[in-house]
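Please read the numbered points below beside the sequence and the model, and check each one against what you see. They begin with the pocket and then turn to the fold and the backbone.

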Amino acid sequence: MTTLPDRPNTALLIIDVQNGVVAGTPNRDGVIANINTLLTKARTAGVPVIWVQHSDDELKEGSENWKYVPELVRHDTEDLVHKNYPDSFEDTELESVLAEHKVGRLVVTGAQTDICIRSTLHGAIVRGYDATLVADAHTTEDLSQYGAPAPEQVIAHTNLYWKWHSAPGRQGGTMETAEVTF
């Protein structure tokens, strides 16, 4: 239902599943296992897989914290988008990568739910994409010491409100890993 003309394809987006981002997050191993399941499904179906990797003062490029978790292995043929802002579209080449693959629908996974996942979902919708959040394939760190809800509540709330998100000609929504088909 995307509003982007001539963009019939879907892509799997894997956002910031980096050592320093997912260390200590709820259900870390289960989320990574689900992303691996989605990777297999996407690769088998010939669906583009787009990896997004964040850099900032705490995630210095090249550092161990900056690297993707070892359980997820990117193929050399899969695009890697580097970013410095929460929205994966902001000041990156993501839009041109998606245009090259004629992608109008995103299947979104990764971390951090309340920052980069939410920002990218909203960024996708406002740019004309359909964006499906995989409800059991994203996680976030505990920021309750700063007044945020517990991470499990952040994840549940994001799944709840994104389930029915839409805009004219665009659709949000959530699915479990087992429900995703490409």
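1. The largest pocket of this predicted model has a volume of about 330 Å³. On a 1 Å grid over the protein atoms alone, a pocket is an open set of points where a 1.4 Å probe fits, with protein on both sides within 12 Å along at least five of seven lines, and lining residues have an atom within 4 Å of a point. Grid points are joined across faces, edges and corners, and the volume is the space filled by probe spheres set on the points.

2. Of the 14 residues that line the largest pocket, D56, E58, L59, Q112 and E141 lie nearest its centre. The lining divides into 6 nonpolar, 4 polar and 4 charged residues, where Ala, Val, Leu, Ile, Met, Phe, Trp, Tyr, Cys and Pro count as nonpolar, Asp, Glu, Lys and Arg as charged, and the others, Gly among them, as polar. Helices α1 (19-22) and α4 (113-126) each supply at least two residues of this lining.

3. Q112 lies in the loop between β4 (103-111) and α4. In another loop, between β3 and α3 (94-100), is D91, which has a positive phi of about 60° although it is not a glycine.

4. The protein chain has 5 helices and 8 strands, which are DSSP runs numbered from the N terminus (helices H or I, at least four residues; strands E, at least two).

5. An open sheet of 6 strands, with parallel pairing, has the order β3-β2-β1-β4-β5-β8. Because β3 (79-83) and β8 (174-175) stand at the edges with a single partner strand each, one side of each is left without a neighbour in the sheet. Two strands pair if DSSP finds at least two bridges between them; β1 (residues 9-15) and β2 (residues 49-54) run parallel and are joined by 4 bridges, and L12 stands opposite V49 in β2.

6. On numbering and confidence, residues are counted from 1 along each chain as its sequence is written. In this predicted model, local features need pLDDT of at least 70 and side-chain atom pairs count only at pLDDT 80 or more, while totals for chains, interfaces and linings use all residues, and side-chain values use heavy atoms, with hydrogens and water left out.
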